[in-house]
Amino acid sequence: MRQEAFESRHAESWAIFERWIAVLSAPRSRRGPDDDPVATISKNFPAMYRKICHHLALARTRRYSIGLQQRLNQLALDGHQHLYRTRTPFFTAIGKFLVREFPGTFRKQWRFMLASTLMFYLPAIGMALAVVAQPEIIYSLLDPVDVSRMEEMYDPANDVLGRERDSGSDIQMFGFYIYNNISIGFRTFAGGLIFGLGSLFFLIFNGLFFGAVTAHLTVAGFTETFSSFVIGHSSFELTAITIFGGVGLMLGYGALAPGRKSRWQAIRSRARDGLPLIYGGTLMLVAAAFVEAFWSSTVWPPLSFKYAVGTFFWVLHIFYFWLMGRNEP
Amino acid sequence: MLLDTAYNIGTPEGVELRLPVAGLAPRSLAWLVDALIKSATLTVLSIFLQVFGDLGGGIYLLIVFVLLWFYNVLFEIFNHGATPGKRALGLRVMNANGTPVGWSGSLIRNLVRFVDVLPGCYAFGCASVLLSKQFQRLGDLAAGTIVVYAPKTQASGKPDSTAPVPLKTPMTLDEQQAIVSFGERASLLNEERAEELAAILTPVLEDADRTRLLGHANWLIGERSSS
């Protein structure tokens, strides 16, 4: 069949298909009154799409002009994008995610989660013991200026706890925590691409830092102010950082031991496997920032109440990851 | 062998869809446009939010956070795979199987951007784009995404109204296709260039020139002189 005859025979279906694509991509408000309703389109879309694919294949084997081929290629591509799009209802997805997917993935990847937890807490405990035994060791990690600023922050003589607060604007600190902590989390994950080294670096460094500061302030006798500030959000924050580190280690493991896949395939599938943990970790860090900005810094609740709330959060975390998501395949 | 950057996607319907992947230069320019937009936004906001003191500072940091990590993700998901910079350069992101990029793909490719930036000036990312087959940076490789040229809708169709001239010399389908494509593109070329291209065929077709080729093109797509 000559190209012209082919074009004139099928021009109408192509125009209809083009219009359908436009209707499906446009927001509801911009649809014309005489357009087909979406239900009709959806019903006839796959058949029409297959027809377009058939025309494209014909146009190629018959060597019709490049212009026509490009037009059909474009139509088929648009159709492909609409037909094979994946959509899930948002709120159902969130609920399912929190109850099953996130803790389930955590359980499934427990080896990496355990490794990352150890990589954070072992250096922390080691450093803490070292600082208790020999207080000067902290200066191998922190500037004297930073140390004295840290002491000032948690000095019981202060009214306000936590990092310095000029006019006590909680919102400002919330913004800072979100920006700072989640960025650290994301970097801890992404660094894993370099054979896991980046994640290891961030985990160990943050572990050492955390251990050093905790031990130093304890030795200095600021335990009450420090721990009553930290206990509220620590469960969210520390667990989230180890989760991000764990997913980073998954990437690194994929790069180091790809098994039967190619290296990039292994990394891709590890990244997809770890994705629920990234979402969950981000949510936890948002929660941590919220607690840290609006609860941890308050001075009105009695200390015992703050400890109780903090302990409650820790217990919540333990039970959440212990009991939830067991039925995830 | 074709010396272009076409990327082929096999579909379940048994046809291959072809897309041109975008290289380092357009992607860097798109990045530059986005960087300018982001820094301009932040500058304006910082002036405006200063009025609100600490509260403004907090909101500012929240916005910095969102722009830093989610500017690309949100645009890629809600703007057909293109940030304003990519749109300006005519690029878009999609999954390597040709489907629109979703949360998972977009988030992975943009979080891993942190590694692409290392050790400075996107050195890893640039090296990866230059070395990988589909011009993917590390984030693209980890997420399974590609950056392609968004196809332009171009005027095509009948060459023009030149009277059809029967083609007597036997030609393969590929050669015929070249003539038809010449007919389609002739209106976009200036006359001298069109003549020059037509003259290439002189060894095969005697007195090959622009009008004659256009006539052949019209004949090949099926027109017949007022029959």
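**Note on the two-chain model**

1. The contact between the chains draws 48 residues from chain A and 46 residues from chain B. Five helices of chain A each put at least two residues into the side that touches chain B: helix 1 (3-25), helix 2 (38-61), helix 3 (66-83), helix 7 (170-190) and helix 10 (263-296). Helix 7 of chain A gives the most, with 13 residues. By class, the side of chain A that touches chain B has 26 nonpolar, 13 polar and 9 charged residues. Keep in mind that this is a predicted model.

2. Next, the domains of chain A. Domain 1 covers 3-83 and domain 2 covers 93-323. Their C-alpha centres lie 52 Å apart.

3. Domain 1 of chain B runs over 6-149, and domain 2 of chain B over 155-227. Here the C-alpha centres lie 43 Å apart.

4. How do helix 2 and helix 3 of chain A cross? Their axes come within 9 Å, and the crossing angle is roughly 150 degrees. Angles over 145 degrees count as roughly antiparallel, so helix 2 of chain A and helix 3 of chain A are roughly antiparallel to each other. The crossing is left-handed.

5. Now the residues of that helix pair. Helix 2 of chain A brings Phe45(A), Pro46(A), Tyr49(A), Ile52(A), Cys53(A), His55(A), Leu56(A), Ala59(A) and Arg60(A). They meet Leu68(A), Gln69(A), Leu72(A), Asn73(A), Leu75(A), Ala76(A), Gly79(A) and Leu83(A) in helix 3 of chain A. The contact of helix 2 with helix 3 of chain A divides into 12 nonpolar, 4 polar and 1 charged. Both helices also supply at least two residues each to the side of chain A that touches chain B.

6. On the helix 9 side of chain A, the contact with helix 11 involves Glu224(A), Ser228(A), Ile231(A), Gly232(A), Ser235(A), Phe236(A) and Thr239(A). From helix 11 of chain A come Leu303(A), Lys306(A), Tyr307(A), Val309(A), Gly310(A), Phe313(A), Trp314(A) and His317(A).

7. Last, a strand pair in chain B. Strand 1 (residues 6-10) and strand 2 (residues 16-20) of chain B run antiparallel and are joined by 5 bridges. Tyr7(B) stands opposite Leu19(B), and Asn8(B) stands opposite Arg18(B). In a regular strand, side chains alternate between the two faces of the sheet.

Methods:
Residues are numbered from 1 along each chain as its sequence is written. Chains are lettered from A and ligands numbered from 1 in the order in which they are written. This is a predicted model: local features need pLDDT of at least 70, side-chain atom pairs count only at pLDDT 80 or more; totals for chains, interfaces and linings use all residues. Domain bounds come from an automatic or database domain assignment. Two residues are in contact if their C-beta atoms, placed from the backbone, lie within 7 Å. Helices (H or I, at least four residues) and strands (E, at least two) are DSSP runs, numbered from the N terminus. Ala, Val, Leu, Ile, Met, Phe, Trp, Tyr, Cys and Pro count as nonpolar, Asp, Glu, Lys and Arg as charged, and the others, Gly among them, as polar. Axes are lines fitted to C-alpha atoms, for helices over the stretch in contact, and angles run from 0 to 180 degrees between N-to-C directions. Angles under 35 degrees count as roughly parallel, over 145 as roughly antiparallel, 65 to 115 as roughly perpendicular and the rest as oblique. A crossing is left-handed if the near helix is turned anticlockwise from the far one by less than a right angle, and right-handed if clockwise. Two strands pair if DSSP finds at least two bridges between them.
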